[in-house]
Amino acid sequence: MTLYEQYTERLRKIADINGAIALLHWDSEVNAPKKGADFRGQQLATLSALSHELSTTAELGALLQQLMEQKAELSETEACNVQRSWEDYQLATRLPVSFVRELSQARSTAFQAWIQARRENNFAPFQEPLTALIALKRQEAELLGYEGHPYNALLDQYEKGATVAQLDPLFRDVREQLVAFARELRERGTPSPSDFLRVSYDKDAQWELGLELLREMGYDFDAGRQDLSEHPFTTTFSPGDVRVTTRVHEHEPMSMIGSCIHEGGHALYEQGLPAAQYGLPLGAATSLGIHESQSRLWENNVGLSLVYWRANYDRLRRYFPTQLEGVSVEQFYHAINQVQPNFIRIEADELHYHLHILVRYELEKALMDKSLEVKDLAQAWRDKYREFLGVEVPDDLRGVLQDVHWSEGLIGYFPTYSLGSFYAAQFFAQAQKDLPQLSADIEAGNTRPLLDWLRERIHRYGRQYTSEELCERATGEPLRLSYFMDYVRRKYSAIYGI
Ligand code: ZN
């Protein structure tokens, strides 16, 4: 066996275990009986430890080092895989085992405290455990190493190459342009009637509609399936098995539709990754931000557009003729695109969503460079919501306690959500430029050219490029907020009659 074959074999073994972990996770969310939860947790912990062990063995390190020395003899694809695996290995072995254990302990303490704090609707019980966890995250940044800001070390784990130097100008534009535009819409505020979206929509009919929408966008049901779960998600067991879940609420049809299309976008990306690269970096998604760009492009740029609903409104009305009686497609379009500031991030519209992320970005950065301490976090949260969203946060449950992320030590994760939408807007603008017929195609119910464009420009590369490189290759430019701003300005100015 050549060295490269040995490397491939090792990585695929790890991928097999990770696939089994994903399957057990999926089963826990979708099928598993209550009494199995403890044993399932144990099984998952065992497999995760095994996977981590295999990813960090000295043998793998030595093999990668040898391959790095012989990189010139490898093909371009092989060399790229080896390079990425070498970087992964360095990162995975930089944290001492004792630190990983300490961090994991602090996370579970903080998570329990977060549950308790939520139960009491009071930040206080969470303060001390979170302080300890943040101290460890600062230490983690030092152990991982960084240039510039300590937050960079954590950002890099979720979005390779992302730095404060890249994100600061982006979020400065969000603060200057998006906050002002949101305020303008707020003052304009003549909401269209949308009562018809809150009447009863039969759940079975919603489910059937969701399957149809997924099929229409190109999701391959021979390489996946949809099920119900409390929180919708997409998971991959192998290139031939990419699953999605959704939720169905009787009085919120747009919740099911939005989540179906969103997860469908994630799944199309996974189904479009090169199967021949299974288990290797080039067979995996570029980053969280790029993954989210795929879900949001379908959910927002496509799924909340007038042309999409011109194509699909008759389908919707076939399922729900009485609920939508007398409602024109234009009225429907206006109703599903109302924007309004709110307290809860996951319930935010596509515009205010980024103001929620802006708050978290600034707070995380300040926590990492010690310009903010955890004891002042709840107050800082309220101040920023007043400043950016113009709302008075009524309590901690609808404030600083709403997200699970910090309790799990996920610092640096939030920005990837916004990056997703910003990349989506830039990709979609480029697709429109490259495919002059795109809007007409979507209006005719044909999204295949768009999917082909995404496959060609984004999906097939896996982790060959960083997000920034991929963006430059696909659109000729680094990421800019202007594409997102143009998109929301054009869309909402028309809807709000500005
Ligand atoms: Zn997503």
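Q: Which helices each supply at least two residues of the lining of the largest cavity?
A: In this predicted model, the two helices are α11, spanning 288–302, and α20, spanning 481–496.

Q: Which of them gives the largest share of that lining?
A: Helix α11 does, with 3 residues.

Q: And which residues line the largest cavity?
A: The lining consists of Arg296, Asn300, Asn301, Glu350, His354, Ser421, Phe484 and Tyr487. By class, 2 of the lining residues are nonpolar, 4 are polar and 2 are charged.

Q: What volume does the largest cavity have?
A: Its volume is about 40 Å³.

Q: How many cavities of 30 Å³ or more turn up in the whole structure?
A: The search finds 1 cavity of that volume.

Q: Now to the metal. Which protein atoms are the donors of the zinc ion?
A: The zinc ion has NE2 of His262, NE2 of His266 and OE of Glu292 as its protein donors. They lie 2.1 to 2.4 Å from the ion.

Q: What spacing do these donors follow along the chain?
A: The spacing is H-x3-H-x25-E. Histidine 262, in helix α10 (residues 253–272), and glutamate 292, in helix α11, are 30 residues apart, and the pair links distant parts of the chain.

Q: Are histidine 262 and glutamate 292 buried or exposed?
A: Both of these residues are buried.

Methods. Residues are numbered from 1 along each chain as its sequence is written. This is a predicted model: local features need pLDDT of at least 70, side-chain atom pairs count only at pLDDT 80 or more; totals for chains, interfaces and linings use all residues. Side-chain values use heavy atoms; hydrogens and water are left out. On a 1 Å grid over the protein atoms alone, a cavity is a set of points where a 1.4 Å probe fits but cannot get out, and a pocket is an open set with protein on both sides within 12 Å along at least five of seven lines; lining residues have an atom within 4 Å of a point. Grid points are joined across faces, edges and corners, and a volume is the space filled by probe spheres set on the points. Helices (H or I, at least four residues) and strands (E, at least two) are DSSP runs, numbered from the N terminus. Ala, Val, Leu, Ile, Met, Phe, Trp, Tyr, Cys and Pro count as nonpolar, Asp, Glu, Lys and Arg as charged, and the others, Gly among them, as polar. Donors are N, O and S atoms within 2.8 Å of the metal (3.2 Å for Na, K and Ca); water is not among the atoms, so sites may look incomplete. Buried means under 20% relative accessible area, exposed over 50%, partly exposed in between (1.4 Å probe, protein chains only).
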